[in-house]
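Reader: I am new to reading protein models. Could you walk me through some features, step by step?

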Amino acid sequence: FQGIVLVAINPYEQLPIYEQDVIYAYSGQNMGDMDPHIFAVAEEAYKQMARDEKNQSIIVSGDSGAGKTVSAKYAMRFFATVGGSASDTNVETKVLASSPIMEAIGNAKTTRNDNSSRFGKYIQIGFDKKYRIIGANMRTYLLEKSRVVFQAEDERNYHIFYQLCASSSLREFKDLGLSK
């Protein structure tokens with residue numbers, strides 16, 4: 001099966017093209033009626049899920065620092081907004097709340113990106129019969145284990161190691177049994 005392909009460029013700065021009003025502008029539109037956008041791809045997947053009652057996939061691929069994780073977050077925000085989940089149950093917030101923890105464990109500083117994800121993510125989003133997000137499951141794969149024992153010049157290991165070292169003087173740290 002071959003689907004829609006969107007080529008996006010990370011501008012490395014915040015642009016006003018991902019705001020709520022843009023989500024509403026793309027909601028209900030047909031693919032090609034508006035400019036290419038992650039929201040157009042998300043809308044098409046959402047419509048096909050509702051129309052055909054079949055699972056849909058959005059594959060976000062690219063080089064390091066291309067904005068894959070951010071694009072996935074925008075797609076989830078689109079689904080939460082158009083399905084009413086964002087205001088009703090705040091599921092999107094709960095799903096995305098796990099991101100800083102995942103980033104601490106799986107992100108590192110590279111020469112191209114201060115917060116580069118060093119693993120692949122598979123995010124499965126569950127919808128109810130009214131097509132509202134009811135939950136999500138995130139799996140990681142391809143973690144760069146070599147980074148645990150080695151990093152290139154001008155790069156850092158996984159963030160979690162630095163966070164643990166920085167918090168070693170906290171009282172709670174001793175309760176974890178990690179002081180030695």
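**Exposure, contacts and a core**

Author: Ser64 has 23% relative accessibility, so Ser64 counts as partly exposed. Buried means under 20% relative accessible area, exposed means over 50%, and partly exposed lies in between (1.4 Å probe, protein chains only). This is a predicted model, where local features need pLDDT of at least 70 and side-chain atom pairs count only at pLDDT 80 or more, while totals for chains, interfaces and linings use all residues. Residues are numbered from 1 along each chain as its sequence is written, and side-chain values use heavy atoms, with hydrogens and water left out.

Reader: Which residues is Ser64 in contact with, leaving aside neighbours within four places in sequence?

Author: Contact means heavy atoms within 4.5 Å. By that rule, Ser64 is in contact with Thr110, Arg112, Ser116 and Arg118, leaving aside its neighbours within four places in sequence.

Reader: Is Asp63 buried or exposed?

Author: Asp63 is exposed, because its relative accessible area is 56%. Leaving aside neighbours within four places in sequence, Asp63 is in contact with Lys68 and Arg112.

Reader: What does UniProt list for "binding site"?

Author: An unreviewed UniProt entry lists residues including Asp63, Ser64 and Lys68. UniProt positions are given in the numbering used here, feature names are shortened, and annotations may be inferred rather than shown by experiment.

Reader: How should I read a nonpolar core?

Author: Think of buried Ala, Val, Leu, Ile, Met, Phe, Trp, Tyr and Cys residues joined through side-chain atoms within 4.5 Å. Here the largest nonpolar core has 15 residues, and those touching the most other members are Tyr26, Ile38, Phe39, Ala42, Ala75, Phe78 and Phe79.
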